[in-house]
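Trainee: I would like to learn how to read the strands and helices of a protein model. Please take me through an example.

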Amino acid sequence: MRDQALCGSLNDEELSALKALGRHRTLERGQTLIWAGEEAMVCANLLSGVLKLSAATADGREQIVGLLYPADFVGRPYAEAAEHTVTALTDAELCVFPRKPFEAALEDHVRMERLLLRRTLAALDEARARMLLLGRKTAEEKVASFLLDMAQHLGGAGGRAGGAHEPGAVSFELPVTRAQIADVLGLTIETVSRQMTRLKRAGLIDLPSGRMVTIRNPPALQDLAEAA
């Protein structure tokens, strides 16, 4: 995971600075690392597992605004208060840095600061792509895109390639419920269930058991996701 995370782009001096600050931490499924509105105490690199970013709506309901996967950066340097609540959807491992010493390390290592900025801008691009996903695609295209995104992030580590299905098929366990998928995509749980059943009947995916999903034909599912 070091090769994919921020650490993968750092030189020995920069890595030593982070190593002096970092502490290994584990989260159990459902445990919260950061609460929205509270003082931002930590930043982190996610080593394994999946986290959700959530905010509260005006009527008190939770809205999932993003998902974090292994190698993603967690938290916001230079922000006094946390904007989103960060909670583990699965058991997770992180390398955690106290925010203020981490900010000082960034100021002492300008190249590291620029690398983090680059990653932040890439995350912004992903957020804009998600806005397009929510605003322009049909329900079927949204669900197809979501499953492909899951396969990209989880099909290598937490999933399996190939198996009893066609070459290139990918299996993985969804870290979210269908209700949470509906929350992320701006759909109802009934619509999500209906679309996944349609994809299964079309032979594009299998739903073997529990939260397991197998994408039988990734290219065909990609064509469907990009139909918009």
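Predicted model: local features only at pLDDT ≥ 70, side-chain atom pairs only at ≥ 80, totals over all residues.

Trainee: How do strands of a sheet pair?

Mentor: They pair through backbone hydrogen bonds, either parallel or antiparallel. Here, an open sheet of four strands runs in the order β1-β8-β3-β6, with antiparallel pairing.

Trainee: Which are the edge strands?

Mentor: β1 (23–27) and β6 (73–74) are the edge strands, as each pairs on one side only.

Trainee: Over how many bridges do β3 and β8 pair?

Mentor: Six bridges, in the antiparallel sense. Strand β3 covers residues 42–48, and strand β8 covers residues 92–98.

Trainee: Which strands does helix α1 touch?

Mentor: Helix α1 (residues 12–21) packs on the sheet and touches β1 and β8. Its direction makes about 100° with that of β8.

Trainee: Where does helix α2 lie?

Mentor: Helix α2 (residues 99–108) lies across β3, β6 and β8. It runs at about 70° to β8.

Trainee: Now strand β7. Are its residues T85, V86, T87 and A88 buried or exposed?

Mentor: Buried means under 20% relative accessible area. In β7 (residues 85–88), T85 and T87 on one side are buried, and so are V86 and A88 on the other. Both faces of the strand are covered.

Trainee: Which residue stands opposite T87 in β7?

Mentor: T32 does. Strand β2 (residues 32–34) pairs with β7 in the antiparallel sense over two bridges. Strand β4 (residues 51–56) also pairs antiparallel with β7, over four bridges. There, S54 stands opposite T85.

Technical notes
Residues numbered from 1 in each chain as written. Heavy atoms only, no water. Pairing = 2+ DSSP bridges. Contact = heavy atoms within 4.5 Å. Axes fitted to C-alpha atoms, helices over the stretch in contact; angles between N-to-C directions. Buried < 20%, exposed > 50% of the residue type's maximum accessible area, 1.4 Å probe, protein only.
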